[in-house]
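Keep the structure in view while reading.

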Amino acid sequence: MRRKITKADRVILSSRRLWVFHRMRRLWKKTSWGGDFDLGKMLHVPERHRGTVQLEMPIDLFRAIQSKELSGSFIRWAWIRGIFGAVGSVFFPKRGYYFLFRVPYDEILAGLKDHLQKNDLSVSYRRGSGCVEAMVRGQNDIVDLMIGMGLSDAALKMEEKAIVRSMRDRANRLVNCDASNIRKTVDAARRQIALATFLKENGHEDELPPDLAELIDLRIANPSASLNELGSAMNSPVSKSTVTYRWKKIMSIAETYGFSYDN
């Protein structure tokens, strides 16, 4: 909400968020000055409720309202909620969430900063575009902030979205990981079958030790088996690392006979 002091000692508050003034009208009757000043006469609402809404009030009234903010009985969370309604936003990018106040006036920023610090909320600040941006990034801090402002339903919905997003990301990672492992298994099997076929077709299988000959027979008979499955299927079951070691020995023997994956 923007603020302007005119030469006639009047203050003009303006905002494009019409609902802020709707809320103000509901609260106005409960204030000590509500009976003396007609809010409707001070409001300037554009046609069709589109555009900037202005509230023009005497400067003495504005100062009286401001003085309430300094009193000990001031309802700070309600004030923070009002600040959020006027200059706050919640952003939901692809990764993470952040809660932003674009505060145009230093005295409001001082009160906001003081209250957030007292409630142990982690906030970062940066200056730009005629205001100071106070940003809350941690999900737990955002939820605490929303609950403090009385926005419990919105906080629950945000947590639900965060949980769904976390589960979806985890599922995607698992699918990608499985797909990557399958590609590696298929590629390794294809290369081992080429190696085994070379040794068989060139009559070198009989020159291999029995455990290596058994391994290439198992690979040809089980082209889609993993190294673990090959190791388990051997007459004397061995581990995945042993199977890997034996394939390296087979490869080194095949290379002495001129084998290459490039051929």
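The chain carries 43 positive and 30 negative side chains. The centres of these two sets are 12 Å apart. The model is a predicted one.

The overall form can be described with a few values. For the 263 residues here, a compact globule would have a radius of gyration near 18 Å, whereas the chain has 36 Å. The C-alpha trace covers about 110 × 35 × 30 Å along its principal axes. In secondary structure, the chain holds 10 helices and 8 strands.

The table collects some values for the whole chain.

| Property of the chain | Value |
|---|---|
| Share of the 263 residues that count as buried | 34% |
| Accessible surface | about 16800 Å² |
| Share of the accessible surface belonging to carbon and sulfur atoms | 51% |
| Share of contacts with a separation of 6 or more that join residues 24 or more positions apart | 53% |

Glu214 lies in helix α8, which runs over residues 210-221. Is Glu214 buried or exposed? Glu214 is buried, yet it has no salt bridge. Which side chain of opposite charge is nearest to Glu214? That side chain is Arg246, at 5.8 Å. A salt bridge needs a side-chain nitrogen of Lys or Arg within 4 Å of a carboxyl oxygen of Asp or Glu.

What does Glu214 touch, apart from its neighbours within four places in sequence? With those set aside, Glu214 is in contact with Ala233, Met234 and Asn235.

Definitions and conventions. Residues numbered from 1 in each chain as written. Predicted model: local features only at pLDDT ≥ 70, side-chain atom pairs only at ≥ 80, totals over all residues. Heavy atoms only, no water. Helix = DSSP H or I, 4+ residues; strand = E, 2+ residues; numbered from the N terminus. Rg over C-alpha atoms; globule rule 2.2 N^0.38 Å. Buried < 20%, exposed > 50% of the residue type's maximum accessible area, 1.4 Å probe, protein only. Contact = heavy atoms within 4.5 Å. Areas by Shrake-Rupley, 256 points an atom, 1.4 Å probe, with all protein chains shown as cover. Lys, Arg positive; Asp, Glu negative; His and termini not counted. Charge placed at Lys NZ, Arg CZ, Asp CG, Glu CD.
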